[in-house]
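Here are my notes on the model. Please read them with the structure open.

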Amino acid sequence: MSFFIKSFATNSSVSTPREATIAMMQTSSYRVLSHRNCSSFRKTASINAFQFRGSSSAKVFSFLNVRHCSTYSGDEVCSSSKRRSRGPLMAAKKASEGEKQEEGKYKHTVDLPKTTFGMRANALVREPEIQKLWDDHQVFKRVADKNDGGNFVLHDGPPYANGNLHMGHALNKILKDIINRYKLLQNYKVHYVPGWDFLQSLDQNAKKDLTPSKLRAKAAKFAKATVKDQMASFKLCVYTGTLWIWADWDNPYLTLDPEYEAAQIEVFGQMALQGYIYRGKKPVHWSPSSRTALAEAELEYPEGHVSRSIYAVFRMLSAPPATDGLLKDFFPDLCLAIWTTTPWTVPANAAVAVNAKLQYAVVEVQSLEGDSIISENKRRRVGNVLKEQKKLFIIVASDLVPKLEAKWGSKLVVKKTLLGSDLENCRYFHPIDNRECPVVIGGDYITTESGTGLVHTAPGHGQEDYATGLKYGLPLLSPVDDDGKFTEEAGQFNGLHVLGDGNGAVVKYLDEHMSIIMEESYEHKYPYDWRTKKPTIFRATEQWFASVEGFRQAAMDAIGHVKWFPPQAVNRISAMTSSRSDWCISRQRTWGVPIPVFYHVKSREPLMNEETIDHIKSIISQKGSDAWWYMKVEDLLPEKYHGKASDYEKGTDTMDVWFDSGSSWAAVLGKRNGLSFPADLYLEGTDQHRGWFQSSLLTSIATKGKPPYSSVITHGFVLDEKGCKMSKSLGNVVDPRTVIEGGKNQKEVPGYGADVLRLWVSSVDYTGDVMIGPQVLRQISDIYRKLRGTLRYLLSNLHDWKVGNSVSHNDLPKIDQYALFQLENVVKNIQESYENYQFFKIFQLIILRGTTSFTRRSCQTVLSAHLLAIVRVVAPILPHLAEDAWQNLPFQYTLEDSSKVEFVFESKWPVVNEKCLAFPTEEVDFWGKILELRTEVNKVLEVARTGKLIGSSLEARVYLHTADASMASKLHEICAAKNDADTLQRIFITSQVEVLPSMDNELINKIPYSGEYLFQGMNKVWIGVSHAEGSKCKRCWNYSSQVGSFAEHPTLCSRCYNVIAVQPLPAMAAIS
Ligand SMILES: [Zn+2]
């Protein structure tokens, strides 16, 4: 025994005794088979190595089947290290000296499996070696160049990769890489150009007192330095480092490149010339802290924002004749009650809006006795008007009366009800400057969910207000400057900050003038500037807009033609596109790409046409956008305007960063050789529905009339294994580099290698948020090791195989045909899952469920089919493992055109084998049942093993009985199958199987262990297990009553005897 282990280990780099034992058991039966066969195709010794194997070796197949592995309690192959060593130890204990010698005697009659493919991944050494191999041979380029199945373009984006590589980046890049590698195997010319956006900006202090040119220089320097750092970090890990994502890293696209900027100007120009770009005064999100307009995608809504909300009353002046009769009794004590969370917008009030369809009530407010009615506190304060003992009638939505009574601590007595439409054109006094203002009909945005059902309307400070204002020709007041301070137009509030003392001053003024019923702290979602983390305001300014209205329908139609993964993403992007207002694309910043416009010095009329835009585009394509700032107006204008240059000045606005990144399709797909528009795929985080996916869609629809992508995939965020957000303060951050390379203490934080991280990516449903942590990684690493073990097993058992050795399909045992049928189906399903980007299904198929048909001994033809299929279908997910296996293939694999395949990614996706798929349905059914039956037999064997009746399953004899006549006859049939591999004892890995004709047999009582297999829900097979008859053959370990009947070889069974008889023992055998 020891000799075996030693020699095996030396010859084939197998390191653990456990594995050596498996290998020995497998091989000890090897030649037996090759000679015992009656079928003609088994003449070659090298085929059919695995017909006969010790029970423990058969369980090697459970590597492919983790589920089974855990249910086989006696299965030493299972991962626990205790188990790993138990097998050989026990075997060694049991084996007497004599047995050892007997076994050793026949050693040379078997072939030892061997392979150079290591059992241990040794990822930290091996993965970089494989990466170097790919790099040295430029495999990515080579395969992409050679493939002739058309283009596949995954367009990288978007931008704003802040900070160093984190798990979110790794998830994103690995998903992209899995897809690209799959498409390579599918014979596509894969193009993947990584992109970098220069979004980094200087903070306020760094910007102080700089001229635009100096500021731009400083900002560019800062951005380049930041991006250089990022790129270094990314490249180190992603490319040259251990993650190794395949991409054109030497030629990334940078949004700062002059060619990129020129392409962006071109997109802008095309939109302008089509009439989609206009200048207008509209309320936009404005960030006082960075003094610029912001797009929706530049906002965030942090938890915990609290506003000062007020219930205010505006005194009514008159009602139109039709309504006067309804209201005249209540004048002059009649007021409109409104509610707002932004009291600072009251100076800009231009109307009160109602919903025409809602019912409103005139109520008399009767303050209840005493101040104790409602508790005044920090949250809530009653206004002076309620404290005053004067008659007060107010109008509120009828539905809200009870709620407001409770809130205000007042009795509201309904005096009259009327419809919202009745209130249109009533007039009221502006509460601050006594202007006369109208009541107007607003839209469905006016509800009775909160407030009073009447909406304070300031068209200069809100989108809906603006729309209502347009309808009624209301004034667009916005008495707030860039810093967020009231202007002179706001009178007494001039100079106060609207988000600070200005807001307080307005509240105070209103209360002093009997206009406030109640003030209340109100916590709600409020937009903050994503850069400065400070609150923003809505403010009407002169800006440049892209008219989404002008091409919204085209965009909505296009969305329907794009494939969205997951499918429900279409709802998100549709909702966001259908509801978005015109896109404010100008920013008041001096870095970024300029809006290429000149203004007439006197009339302020903008100058922007095809000639001016083309001219600027050509300048920027050569000199970059800095030229806009350092060149004179005369030089920036085309020649024909030179005489009038002094009449014009340059615009100072730049474009929204989402317009920058949203033009990437034009700058990259349209401009680079080999790429094509639209891209086949965009793949980013789910937050990009309102960001890059949308801005790209809008620019592309406006200029090309079609979307920039055919498919879009979104993924969720990465959380820790408890489902919490990762944060430094919680200490739960999982760093991808640490996962791959390990921590300082490799024992505590081992380096798993890139493939384990990739396997994790494949295991999660990335369409939602995904979880990772030490526990998850340990499990994934276990599964990886099992898969590696399977590949190693296959490789080592094919060491002497050649493609020419393949057995023709019809000559294969039925159970092997069944195995191949299952394999083909698994490959088909895996392909389908790749096509639908559902990698977790692949993970389940290949890793968890395994190719279950393959959980048995098969001939080399079947093993090689499995090896070639498994290696290739896992290659996109586990490229290092697959390549490692491929580099250790014991045979040469060639394509149909007889070209040699040196690297796994040259091997192409497995071609469907129609022959294998044509396995008849009834056979599929039957063999499926046999495998189920085997599972049940295994359970009984397990009980017998626990009861110490048997050790190895080869020590067992199995009895079967069924009352189902057709099943019984089929069982009989395969007991006596012509083809040994199809016989039941081989399938069960027992020495003997007997089908009993009936149950009323004395024998039954003597059978110590039994169980049942139910098939089709009602029919059953009775299973019995007793000890096998006869003695153990020292060569194949099967029990046979013939052992002892051959004088020369008293320890062999008849089959082994037949082998040995034709192959005399050489003298050297005696040495062992
Ligand atoms: Zn034998």
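1. Start with a side-chain contact. A polar atom of the Arg-552 side chain lies 2.8 Å from the backbone oxygen of Arg-580. A polar contact here is a pair of N or O atoms within 3.5 Å; within protein, one must be able to donate a hydrogen and the other to accept it, and residues adjacent in sequence count only if both atoms are side-chain atoms.

2. On provenance: this is a predicted model, where local features need pLDDT of at least 70, side-chain atom pairs count only at pLDDT 80 or more, and totals for chains, interfaces and linings use all residues. Residues are numbered from 1 along each chain as its sequence is written, and side-chain values use heavy atoms, leaving out hydrogens and water.

3. Arg-552 sits in helix H20, residues 548-561. Helices are DSSP runs (H or I, at least four residues), numbered from the N terminus. Leaving aside residues up to four places away in sequence, Arg-552 touches Thr-577, Ser-578, Ser-579 and Arg-580 (contact: heavy atoms within 4.5 Å). Arg-552 counts as buried because its relative accessibility is 12%. Buried means under 20% relative accessible area, with a 1.4 Å probe and protein chains only.

4. Now the metal. Cys-1033, Cys-1036, Cys-1053 and Cys-1056 coordinate the zinc ion through SG, at 2.2 to 2.4 Å. Donors are N, O and S atoms within 2.8 Å of the metal (3.2 Å for Na, K and Ca); water is not among the atoms, so sites may look incomplete. The donor spacing in sequence is C-x2-C-x16-C-x2-C. Cys-1033 and Cys-1036 are both buried.

5. Why is the arrangement tetrahedral? The 4 donor atoms around the zinc ion subtend angles of 105 to 113°. Four donors count as tetrahedral if all angles lie between 85 and 135 degrees.

Terms used
Four donors count as tetrahedral if all angles lie between 85 and 135 degrees; four count as square planar and six as octahedral if opposite donors are over 155 degrees apart and all others between 65 and 115; anything else is irregular. Buried means under 20% relative accessible area, exposed over 50%, partly exposed in between (1.4 Å probe, protein chains only). Helices (H or I, at least four residues) and strands (E, at least two) are DSSP runs, numbered from the N terminus.
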